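Colleague: I'd like to go through this structure with you step by step. Could you start with the overall picture and then move to the details?

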Amino acid sequence: MLNCESLSRYTEKCKEIGNIDPYNIPRHAWKDITTLLGGDLPDLRHSDIYQYLINFKSAYNHKELRAYRSLEAYKYFIAGWVSELLIADIKQGNGSTLCIVTAKVRHSQSLNEEALRPWFAMEKEGPIIAAHCSCVAGLGEACSHVAATMFAVESGANWTKKESCTSQPCGWVLPSCSSFKSAPLAKIDFTSPATKYKNFDK
């Protein structure tokens, strides 16, 4: 249960996405994101993640997030801590599509605790608009669990664009220890977030 201040902050986030609370979206509206082809996925790029984690202004205090440490959350994804990736597409009044993604992400300090439930929202072909996590730091909008979820989607979207599901073994670029079907080991991108960011626009 959120206290008054935390609830106020969460409400501000929901306003940014049309007063939608992702935790209240019915189960039937969610799709398993790992079964979708590239064209059905949000066009999330590494530059979008960087822009959000570093330059995005909080809906609560209007200050830039500057979550540099969360850029290293790619390691969480590689370690197989991200599972049950789900997406809900919500049509907006202006004809655009709002994509809300959620996942289960394991705690970094206590692997035996119940998995966390981060979410983030973005335009289908646009920037990340808002994010949240059920962890203590989640109200800050840019915790490592949120970032790991973003990296999982970005990596999977890139892989499905490069490889046809009819010509290559089915699977996302996910760690072999995850609960999903993994891509061949040679397909997994182990590049560090810092190196990947340097190379993303080349």
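Modeller: Of the 202 residues of the protein chain, 50% count as buried, and please keep in mind throughout that this is a predicted model. The accessible surface of the chain comes to about 10,400 Å², and carbon and sulfur atoms account for 51% of that surface.

Colleague: How many helices and strands does the protein chain have, and in what order do they run?

Modeller: There are five helices and five strands in the protein chain, and from the N terminus on they run α-β-α-α-β-β-β-β-α-α. If you take the contacts with a separation of 6 or more, 58% of them are between residues 24 or more positions apart.

Colleague: Let's look at H1. Which residues of H1 are buried?

Modeller: The buried residues of H1 are Ser-6, Tyr-10, Lys-13 and Cys-14. Seen down the axis of H1, these buried residues fall within an arc of 100°, so they line one face of the helix. As background, an α-helix has 3.6 residues a turn, so residues three or four places apart point the same way.

Colleague: And what do the buried residues of H1 pack against?

Modeller: They pack against S4 and S5. The length of H1 can be checked too: at 1.5 Å a residue, its 13 residues should span 18 Å, and the end C-alpha atoms are 19 Å apart, which agrees.

Colleague: What follows H1?

Modeller: H1 is followed by Gly-18, which has a positive phi, near 75°. Asn-19, in the loop between H1 and strand S1 (31-32), has a positive phi of about 60° although it is not a glycine. Most residues other than glycine have a negative phi.

Colleague: Is Asn-19 buried or exposed?

Modeller: Asn-19 counts as exposed, because its relative accessibility is 60% and the cut-off for exposed is over 50%. Glu-84 is another residue with a positive phi, about 50° here, although it is not a glycine. Glu-84 is found in strand S2 and, at 35% relative accessibility, counts as partly exposed.

Colleague: Changing topic, how many aromatic pairs does the structure hold?

Modeller: The structure holds five aromatic pairs. In one of them, the rings of Tyr-10 and Trp-119 have their centres 6.3 Å apart and their planes at 80°, so the pair is edge-to-face. This pair links distant parts of the chain, since Tyr-10 is in helix H1 (residues 4-16) and Trp-119 is in strand S4 (residues 119-123), 109 residues apart. Tyr-10 and Trp-119 are both buried, and ring pairs link Tyr-10, Tyr-23 and Trp-119 into a cluster.

Colleague: What about Tyr-74 and Phe-151, how do their rings sit?

Modeller: Tyr-74 and Phe-151 form an edge-to-face pair, with 5.3 Å centre to centre and 90° between the planes. Tyr-74 lies in helix H3 (residues 74-78) and Phe-151 in helix H4 (residues 144-162), so the pair ties together parts that are 77 residues apart in sequence. Tyr-74 is buried, with a relative accessible area of 2%, and Phe-151 is buried with a relative accessible area of 0%.

Colleague: Now the nonpolar core. Which residues have the most contacts inside the largest one?

Modeller: Inside the largest nonpolar core, which has 40 residues, those with the most contacts are Ile-33, Leu-44, Leu-53, Val-82, Leu-85, Phe-120 and Met-150. Among the elements that each supply at least two residues are helix H2 (46-55), strand S2 (82-91) and strand S3 (97-105), while H4 gives the most, with eight residues. A second, separate core of 14 residues includes Ile-17, Leu-86, Trp-119 and Ile-129. In soluble globular proteins, nonpolar side chains tend to be buried together.

Colleague: You mentioned H2. How many of its residues are buried?

Modeller: Seven of the ten residues of H2 are buried, so H2 is largely enclosed by the rest of the structure. The buried residues of H2 include His-46, Asp-48 and Tyr-50.

Notes:
Residues numbered from 1 in each chain as written. Predicted model: local features only at pLDDT ≥ 70, side-chain atom pairs only at ≥ 80, totals over all residues. Heavy atoms only, no water. Phe/Tyr/Trp six-rings, centres within 6.5 Å; stacked < 30°, edge-to-face > 60°. Helix = DSSP H or I, 4+ residues; strand = E, 2+ residues; numbered from the N terminus. Buried < 20%, exposed > 50% of the residue type's maximum accessible area, 1.4 Å probe, protein only. Core = buried A, V, L, I, M, F, W, Y, C linked by side-chain atoms within 4.5 Å. Expected span 1.5 Å × (residues − 1). Arc of directions from axis to C-beta. Contact = heavy atoms within 4.5 Å. Areas by Shrake-Rupley, 256 points an atom, 1.4 Å probe, with all protein chains shown as cover.
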